[in-house]
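Please prepare a short report on the fold and local backbone geometry of the protein below.

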Amino acid sequence: MIRNYLILAAVAALASPAAQAKAYTTSSPGKTIAFAVNPTGEGIVGSLTIEGRRVVDCVPMSITIDGVEYPGKNGIKKVSTSVIDREVVPEVPTIAGRIHERGNETLVRFDGPVDLRIRVYDDGAAYRWESRIDQDEVIVNAEELALAFAEDVQAHYPIPEPRGFYSHQERRFSRIPLSAAPQGQPVSPPLLVELDETRNLLLTDVNVERYPGLWIEGTAGNGIKAVFPPYPAKTQLKGDRNLTVAEPSNFLAKCPGTRSFPWRAFVVADDAGLLTSTLLYTLAEPSRLADTSWIKPGKVSWDWWNFRNITDCGFKAGFNQATYQAFIDFAGSNNLQYVILDEGWSIPGAEHLLDVVPAMDIAGLVEYGAAKNVGVILWMTSSALDQNFDAAFEQFAEWGIKGIKVDFMQRDDQLMMDFCERVAAEAAKHRLLVDFHGGSKPTGLHRTYPNVLTHESVQGLEQNKWSKNATPEMAVLLPFTRMAAGPMDYTPGAMDNYTKETFRAVGRNPGSQGTRCHQLAMYVVYLSPLQMLADTPTKYRKNPECMPFLSAVPCTWDETVVLHAQVGESLAVARRKADTWYIGAMTDWTPRELECRLAFLGQGDYRLSYWQDGPNAATDATDTDIGTSTVNATSKLTLKLAPGGGYAAILEPKK
């Protein structure tokens, strides 16, 4: 829902060659950030300025459609400016329940049929191309964007993968000088650049519809350039889930001639600001759903990570009705809204998506869950869903499930991005939630289709089943990088916790790196309106002291306050739901002591219930201290975090 408070517009017509040589600058409301467009006679270049200091040049900026490069030598016909000042109320709130969007916008209209729209906010800038070509379909041959930084800045650079554009986008990062960014090896953003000791720049894309996702690669000097997955001429299904590009085309997209292209977005913020910026969300297209009242975020009892290791049940756990009834029982008893049936509920093979294994009855599980206020979500591969699209959604409606988890996209070329939008729209028609796994990072679809609650595209907890990649260092970097793009299905909740020295990857009985409280803190720090409890009901029952927190913690939020933020080192955030506050704090393998003031609290006293690293957590990562105290807005907490440690708390007003 959007309420416009004020829209002001001024139009300036430009005709003379002298006027066309002028630079056109759009500044943020606070005048701290500016984006300028400079005509060169052969095209345009852009520049981003922060507090008067030019930090990056966009050289060149162009888009080629049906073989014609725009804007090319076309002069500027007119420039329109407007002020954006409106309240945005997210249908599914994450950072905040209400967003005040304030920015300045410029529309540069060229003599040709392609325009440039620029928006600048106090926390960043963005631009997009807009075309007015009177054709049902055009070919986008290329889009050019190269960023040249004023200095050889440090970057948290995504590590390239050997398969190039074919990727789950579960990125690891390396902190390197931008001049060391690999050339000829494309990686998917977000890219985080440290502009100076206090400011960062995060690059990503928003509103990727009928178009491929943005990728980047290094260039000579202090720069990067945009590259894009080409339009697939031919695809090939390998096995039952890996739909690869067998033959690429020599262009990017097929699309209508009149349209808006994706935003190229630059978030500019200090470390804390990266955690509260709503720029990317407000750039996304508003909800296209007339009714969103049926969309219910929630927590999930999940089966796959823990290998269904229920050992206190009196029957053999596996792909059978009793096992999933046990998951439903656990969810219903602990304020969890859903269970996911991950891989194994249907017969293997894309063509067998709707052939349920004999030991299971989906309709029966749905009925069993409904009696306990627990909904059922089903996992599937993208190939299986695509092959059975209409029949699948009809069957899902007949069964009465509440959502789908779609996995193994592994691409973000136009065809795959079109597929994701088609899934979101069709799911909404059938009142189904969507969780996208094994594919691209969020690009705004979660605003346009609010039933898309979360995306994976992250080095999440599953990595602990086969690698050491899901480290505490990674865990405290992700909120500033991947999570800045949108909801992140990290899947926290491990109850077997290990130190750096004692951790071993175990596929069928996995644990986590870092402390128990490190895991609990993720439920406050990590934003995902569909939030997993990854471990088995048995292990949660063996650790009942954690369940009061896990049962109570929400997965959508009304307000966020950053208490401490150091990119890739540590952070602490407070989030509010109604009149109750929650705190989550995390550190890397370095033990830390953080002081957090509670000035954000309302009037009166609050009951603080906390879960903190115990005195022996450095050697036994499960060691947890639990307690309560009374605090108010003048109180200060001293959080003692063990190596890979964390802190979680609930603050409820005393009646």
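## Contacts and overall dimensions

Of the contacts in the protein with a separation of 6 or more, 71% are accounted for by residues 24 or more positions apart; contact means heavy atoms within 4.5 Å. The model is predicted: local features need pLDDT of at least 70, side-chain atom pairs count only at pLDDT 80 or more, and totals for chains, interfaces and linings use all residues. Residues are numbered from 1 along each chain as its sequence is written, and side-chain values use heavy atoms, with hydrogens and water left out.

The protein has 13 helices and 39 strands, which are DSSP runs numbered from the N terminus (helices H or I, at least four residues; strands E, at least two). Its radius of gyration is 25 Å, close to the 26 Å of the globule rule for 655 residues, so the protein is as compact as a globular protein of that length. That radius is taken over C-alpha atoms, and the rule is 2.2 Å times the number of residues to the power 0.38. Along the principal axes, the C-alpha atoms fill a box of roughly 85 × 60 × 45 Å. Buried residues make up 62% of the 655 residues (buried is under 20% relative accessible area, exposed over 50%, partly exposed in between, with a 1.4 Å probe and protein chains only).

## Packing of helices 4 and 5

Helix 4 (residues 321-333) packs against helix 5 (residues 362-370) at an angle of about 25°, with the axes 10 Å apart. Axes are lines fitted to C-alpha atoms, for helices over the stretch in contact, and angles run from 0 to 180 degrees between N-to-C directions. Helix 4 and helix 5 are therefore roughly parallel to each other (angles under 35 degrees).

Gln321, Tyr324, Gln325, Ile328 and Asp329 in helix 4 meet Gly364, Leu365, Tyr368 and Gly369 in helix 5. By class, this contact has four nonpolar, four polar and one charged residues. Ala, Val, Leu, Ile, Met, Phe, Trp, Tyr, Cys and Pro count as nonpolar, Asp, Glu, Lys and Arg as charged, and the others, Gly among them, as polar.

## Backbone exceptions

Most residues other than glycine have a negative phi, and most peptide bonds are trans. The bond from Val59 to Pro60 is cis, with omega near -5°, and Pro60 lies in strand 5 (residues 53-65). The bond from Tyr70 to Pro71 is also cis, with omega near 0°; Pro71 lies in the loop between strand 6 (68-70) and strand 7 (76-88).

Glu51 has a positive phi, near 50°. This residue is in the loop between strand 4 (44-50) and strand 5, and Glu51 is exposed, at 59% relative accessible area. Arg431 has a positive phi of about 55°. Arg431 sits in the loop between helix 8 (414-429) and strand 27 (433-436) and is partly exposed, at 46%.

Conventions
Parallel < 35°, antiparallel > 145°, perpendicular 65-115°, else oblique.
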